[in-house]
Amino acid sequence: MSSEDTSTRSFGRVPGAAIEGTMISRDSERGVEDHTETIDYKMVTFSLGGKDYGIDIMNVKEIAKFHTFTYVPNAPPFVRGVYNLRGDIISIIDLRLMFNLPAEQKDDNQPEDGLIIRMENHMLGVIVDNVARVVGISRRAIQPPHPIFADINLKYISGVVEHESRLYIILDVERIFHRDGGVSERSDPGRTEPDTRPMGQFGGEFPAHATEPQPVTHSRASGDERQVDFEFVRETLATFAGFHASEVNRQWLRRRFEDWRRERESVNKDVQLASTEDAEMFLEPFYSPSTNAFWSEQYVRRFASILPAAEHPSAFTAWNIGCGKGFETYSLALTLRDALPESRLKIWANDNDLLGVSTAPNLVFSAGVVPELFRRYVVAGRNGYSFSHEIRDLIVFEYHDVTNPSAVPEMDLIVVRDVLSFMPVDDQQAVIERIGEKAKPGAIAVLGENERMPVPEIWEPIEQAPSGVYRKVE
Amino acid sequence: MRVEYINPFVESAYSVIQEVLNVEVKRGELYLKSSSIPVLGVAAIVGLAGDVEGRVLFDMTRESALKVANDMLKSMDMDQIDSLNDMGRATITELANMITGQAVTKLHNLGFKFDLTPPAIFTGDNMEVSDPGVEALIVPMEIPQGKIEINVAIRERT
């Protein structure tokens, strides 16, 4: 998997390589399915007006939630507006309005479910009722559409298929948005692409892109299906939890996915993530110890073991990126104060969550939550307990977005636990670069326990340290 | 930007604009920006020095600036102006000075030592401000006269 392009967010470009593994019989209740049948067609399924539909995964760039789009005057009613997709302006089309299907009216501030459709040379957003999951099927199972599907004009349907006792109508997006009578004919009259496909002929004749030779997968269905599930989980983690798969967390994600699949299959639940709750459940084991809380004594001891024990530097600077409400930063300050009693300490802590970081300088807590070890730094106040000035004066809390330039000095220690994985991949790379610039030679970087530093020429893992701890090469 | 600096600026901007113009002020969401920022047309800038280095920029359109200046002049029983002349520019500069001055006083009370430089005002079309290496906090303020964007970029002296 090392050759896989990590920056790609698409389904379509991901190779269909299968993962080795045991075969899972999903169709045991039907008992007639050929388990070795090749999955050579993947589609993203969704519902429109209560019926199940699918779109070829090669046409789907990503699954999206549309928040606010800009209304465009004089557009057909099914054009809901334009949307800024990370800098690209794309049109948003409501498939339900386009096909005159009942559409649920959502409040203005409620996001709409949808897909980003990729065609030959442009992108388009479509709104649907619900995006369901990715389904891998055999092309041979696709049947021509029957005139009974009158909801949607026959010419937009490339076929129907049954999968796990549900009937999916496969839409032909090229035809809907490109061809005669399609949207673009009206909105983009300059387009002169001829329609080379016979209209209304579907018996055995499938859309051109479907019959193109594709990487043939001779793998067993279960392995292929698993790859589909994995890509979908990867994509939905970004949509639901802001978790972006990259070199930083790839190892963990692979491992977790296998565990997750076993967990879910043992309770007969869908492997794919359908909601924010599912995504949170998936990510539960990702978080490092003592997240959003003061560090336990055990973790403090483990952390202290990675600090330079022999020499006591006269000055020691630390950078805590993504400090949140400050639990981590105070724990770090206390740990450093005890481990380096002679050193002049300064800790820079920042977060781009204004509400969280605003409360950090004057953090108030109940006495019991601080490990015994550090009780001597705790003082009672009017509203609860807080830390003495000796500790508070060590820390500068900043409202700062780490993807922007920073004026912090060079650092001896950088703590950035479980932060990188929640940034878009480009930002992750920029931040890793910045960390490298701001680190003194020999400095220590602490990532999340399940994260890896992807630049081995600059950062080497420290032997016998917990995972995720690195030293900058001198 | 250090968390302790944020509130003094937001509070001063809010209370000074409200008092001086006697209007309802709506505060927008604060956010951070580092890339170049278009200037709406009239920009008053106040430099900061001391424990920190940085500047505060007050940005509004020419129409809003004229309305704000006229409202301020009216409250002092002075003649109205019909274009952003010397008097108008001086009035906007004064507003910037009042807000920054009050913020710096509040910061002094918290133990941070800031000094002000005399304000300057820029007017023109299609202007942009960019200072690579400094992240700016944007405080959008909405008043009946228009929008005032307060752009605070401060960094610690290290």
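Let me begin with one pair of residues: A:Phe46 stands opposite A:Tyr53 in S2(A). Before I go on, this is a predicted model, in which local features need pLDDT of at least 70 and side-chain atom pairs count only at pLDDT 80 or more, while totals for chains, interfaces and linings use all residues. Residues are numbered from 1 along each chain as its sequence is written, chains are lettered from A and ligands numbered from 1 in the order in which they are written, and side-chain values use heavy atoms, with hydrogens and water left out.

That pair belongs to strand S1 (residues 41-48) and strand S2 (residues 51-56) of chain A, which are antiparallel and joined over six bridges. Helices (H or I, at least four residues) and strands (E, at least two) are DSSP runs numbered from the N terminus, and two strands pair if DSSP finds at least two bridges between them. S1 and S2 sit within an open, mixed sheet of five strands in chain A, ordered S8-S1-S2-S10-S9. Its edge strands are S8 (130-137) and S9 (157-163) of chain A, each of which pairs on one side only. From one strand to the next the twist averages 35°, where axes are lines fitted to C-alpha atoms, for helices over the stretch in contact, and angles run from 0 to 180 degrees between N-to-C directions.

In the loop between S9 and strand S10 (166-171) of chain A we find A:Ser165, whose phi is near 60°, a positive value in a residue other than glycine. Most residues other than glycine have a negative phi. A:Ser165 counts as exposed because its relative accessibility is 56%; the cut-offs are under 20% relative accessible area for buried, over 50% for exposed, and partly exposed in between, with a 1.4 Å probe and protein chains only.

Chain A has another open sheet of five strands with mixed pairing, in the order S3-S6-S7-S5-S4. Strands S3 (60-66) and S4 (79-85) of chain A stand at its edges with a single partner strand each, so one side of each is left without a neighbour in the sheet. Neighbouring strands here are turned by 30° against each other on average, direction ignored. S3(A) runs antiparallel to strand S6 (residues 112-118) of chain A and is joined to S6 by six bridges; across that pairing, A:Phe66 has A:Glu112 in S6(A) as its bridge partner.

Now to the helices. Why does the length of H6 (residues 250-266) of chain A agree with expectation? At 1.5 Å a residue its 17 residues should span 24 Å, and its end C-alpha atoms are 24 Å apart, the expected span being 1.5 Å times one less than the number of residues. Among the buried residues of H6(A) are A:Trp252, A:Phe257, A:Glu258 and A:Arg261. Just after H6(A), A:Asn268 takes a positive phi of about 60°.

Which residues touch the most other members of the largest nonpolar core? Of its 88 residues, A:Phe303, A:Leu336, A:Phe387 and A:Leu413 do, a nonpolar core being a set of buried Ala, Val, Leu, Ile, Met, Phe, Trp, Tyr and Cys residues joined through side-chain atoms within 4.5 Å. Helix H1 (residues 3-21) of chain B gives the most to this core, with 10 residues. A second, separate core of 33 residues includes A:Leu48 and A:Phe78.

Finally, chain B has three helices and 10 strands, and 50% of its 158 residues count as buried. Of the contacts in chain B (heavy atoms within 4.5 Å) with a separation of 6 or more, 70% involve residues 24 or more positions apart. Chain B exposes about 7500 Å², of which carbon and sulfur atoms supply 48%; accessible areas come from the Shrake-Rupley method with a 1.4 Å probe, and for residues only the protein chains shown count as cover.
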